[in-house]
Amino acid sequence: MADTITTYTTMTPINATEYSSTISANTGSSTAANAKMTTTIAQDEFGTLQVHVPNESVPVAINNIGVFQTMSMMIQCMQTPCPPHHYRTGCEELMSAGQCTPCSPCCDRQYQSGCGGASEGLCLNVTNCGPGEFEVRAPTPTSDRFCVAPLCSVNEYEIVPVTTSTSRKCAVLNESTITSDHICEVARVDNCCCDEFSSLIRVRGDVNIRSDETMLHFGRIQEVGGNINGRGPSSSNRGSLQVVDFGQVTRVGGDVDVTANQITRVEFGTLTRLDGFLWYHRNDLTSIDFGTITQISSSLRVYNNVLTSINFGAITQISGSLSLHNNGMTSIDFGTIIHISGDLRVYNNPSLSSIDCRNLGLCLCRSSYMTRINCPDLCTKIFCD
């Protein structure tokens with residue numbers, strides 16, 4: 001005997017694609033009237049419910065009204081919400097409102113997935129981060145650990161950012177990709193400078209300058225997060241750098257060291273903050289203007305040049321020592337500086353006969369012929385050397 005399929009249409013979705021039910025059906029036989037038979041009720045993608053009655057030994061005639069009423073109760077049962085971490089059971093029982101059952105607890109290092117509605121879900125093993133990956137989201141009782149690959153290396157750049165479901169993707173960075181892919185930010189710059197360097201907006205780490213570079217222009221760059229390293233090979237074998245132009249840079253997060261070069265001009269542009277040393281000693285500077293810089297978070301060293309004038313601009317604080325010795329200055333005006341944390345070194349300026357320290361600095365290193373005004377005590381000779 002063929003199975004019987006009776007179809008009903010409803011606009012109300014149910015929370016399971018298939019479930020079993022025991023319903024009252026009229027089999028057409030007086031001896032088997034109102035017999036209980038196991039059926040399967042399914043819903044397709046169009047919202048159609050199908051009642052499937054398996055083959056029995058007697059012909060089957062479905063009581064449409066009774067089946068529809070039973071299905072309505074099942075649908076209502078399955079759509080009744082349960083609290084979080086519970087699922088509904090018992091809807092397959094005749095005339096049953098069902099009940100909410102707690103999701104089964106998982107073992108250690110497992111998490112519960114898919115529990116809710118009419119599904120009890122299942123326990124899955126927590127994922128371990130693979131080689132070279134790190135955890136960005138810890139596992140919970142109902143979610144897996146999420147791991148991503150580490151940051152792009154110094155010679156790569158990010159082409160797909162990391163999300164809570166996808167890992168970061170990196171590509172090799174070179175001069176051509178900066179232009180072709182419109183790269184605005186890099187992790188570090190080595191062997192500076194190429195033409196593409198000035199088209200960047202930000203360097204997160206260091207800028208390392210070639211010893212044969214003659215001009216350092218930062219162009220559109222607004223921030224350097226690390227150090228600017230351009231120290232020449234030695235005081236007797238100086239580097240080739242002659243001009244430094246900070247352009248649109250507003251902050252340097254580390255040191256600026258261009259010691260032992262042939263620098264004659266420095267343009268600080270819009271630079272306002274320097275979070276490290278500023279070392280310009282052993283160059284050919286005759287004058288220097290610090291412009292809009294307001295704070296130097298370590299020492300300022302401009303000794304062993306040929307300086308005749310210095311303008312501290314907007315600087316209010318130097319959180320280290322100030323070294324201006326071995327130059328040609330005739331006077332020093334500290335401008336708007338209100339605090340110098342370290343010592344003042346102004347010796348071996350033959351044309352500088354006096355200095356007004358304005359009570360700045362911890363101690364003073366000066367030549368014996370200089371007159372001191374409002375200056376701290378003299379530093380020890382060992383400290384000044």
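Cys115 stands opposite Glu120 of strand 8. The two strands concerned, strand 7 (residues 110–116) and strand 8 (residues 119–125), pair in the antiparallel sense over six bridges; pairing requires that DSSP find at least two bridges between two strands. Strands (E, at least two residues) and helices (H or I, at least four) are DSSP runs, numbered from the N terminus. Two residues lie between the strands of this hairpin, where Gly117 takes a positive phi near 65°.

Asn128 is found in the loop between strand 8 and strand 9 (134–137). Asn128 counts as exposed because its relative accessibility is 64%; exposed means over 50% relative accessible area, buried under 20%, and partly exposed in between, with a 1.4 Å probe and protein chains only. Leaving aside residues up to four places away in sequence, Asn128 touches Arg145 and Cys147, a contact being heavy atoms within 4.5 Å. The C-alpha atoms of Asn128 and Asp144 are separated by 9.4 Å, with the two residues 16 apart along the chain.

## Basis and confidence of the model

This is a predicted model, in which local features need pLDDT of at least 70 and side-chain atom pairs count only at pLDDT 80 or more, while totals for chains, interfaces and linings use all residues. Residues are numbered from 1 along each chain as its sequence is written, and side-chain values use heavy atoms, with hydrogens and water left out.

The mean pLDDT (the predictor's confidence in each residue, from 0 to 100) of the protein chain is 79, and 74% of its residues reach 70 or more. Over residues 1–67 pLDDT stays under 50, and the model has 130 contacts beyond four places in sequence for this stretch. Where pLDDT is low, the predicted coordinates should not be read in detail.

## Overall composition

The protein chain contains three helices and 36 strands. Of its 385 residues, 38% are buried. Among contacts between residues at least 6 apart in sequence, 25% join residues at least 24 apart.

Nine strands form an open sheet with parallel pairing, in the order 14-16-19-22-25-28-31-33-35. Strand 14 (189–192) and strand 35 (364–365) stand at the edges with a single partner strand each, so one side of each is left without a neighbour in the sheet. Within this order, strand 31 (residues 322–323) and strand 33 (residues 344–345) run parallel and are joined by two bridges. Arg345 in strand 33 is the bridge partner of Ser323.

Another open sheet, of three strands, has the order 17-20-23, also with parallel pairing. Its edge strands, strand 17 (215–217) and strand 23 (265–267), each pair on one side only. Strand 17 and strand 20 (residues 243–245) pair over three bridges, and Met215 stands opposite Val243 in strand 20.

## Salt bridges

The whole structure holds 14 salt bridges, each defined as a side-chain nitrogen of Lys or Arg within 4 Å of a carboxyl oxygen of Asp or Glu. Glu185 and Arg202 meet in one of 3.2 Å, N to O. This pair links strand 13 (residues 185–186) with strand 15 (residues 202–203), the two residues being 17 apart. Arg202 also meets Glu223 in a salt bridge of 3.3 Å, N to O. Because Arg202 lies in strand 15 and Glu223 in strand 18 (residues 223–224), the pair ties together parts that are 21 residues apart in sequence.

Glu185 is partly exposed at 34% relative accessible area, as are Arg202 at 26% and Glu223 at 22%. These residues belong to a network of salt bridges that links Glu185, Arg202, Arg204, Glu223, Arg251, Arg273 and Asp275.
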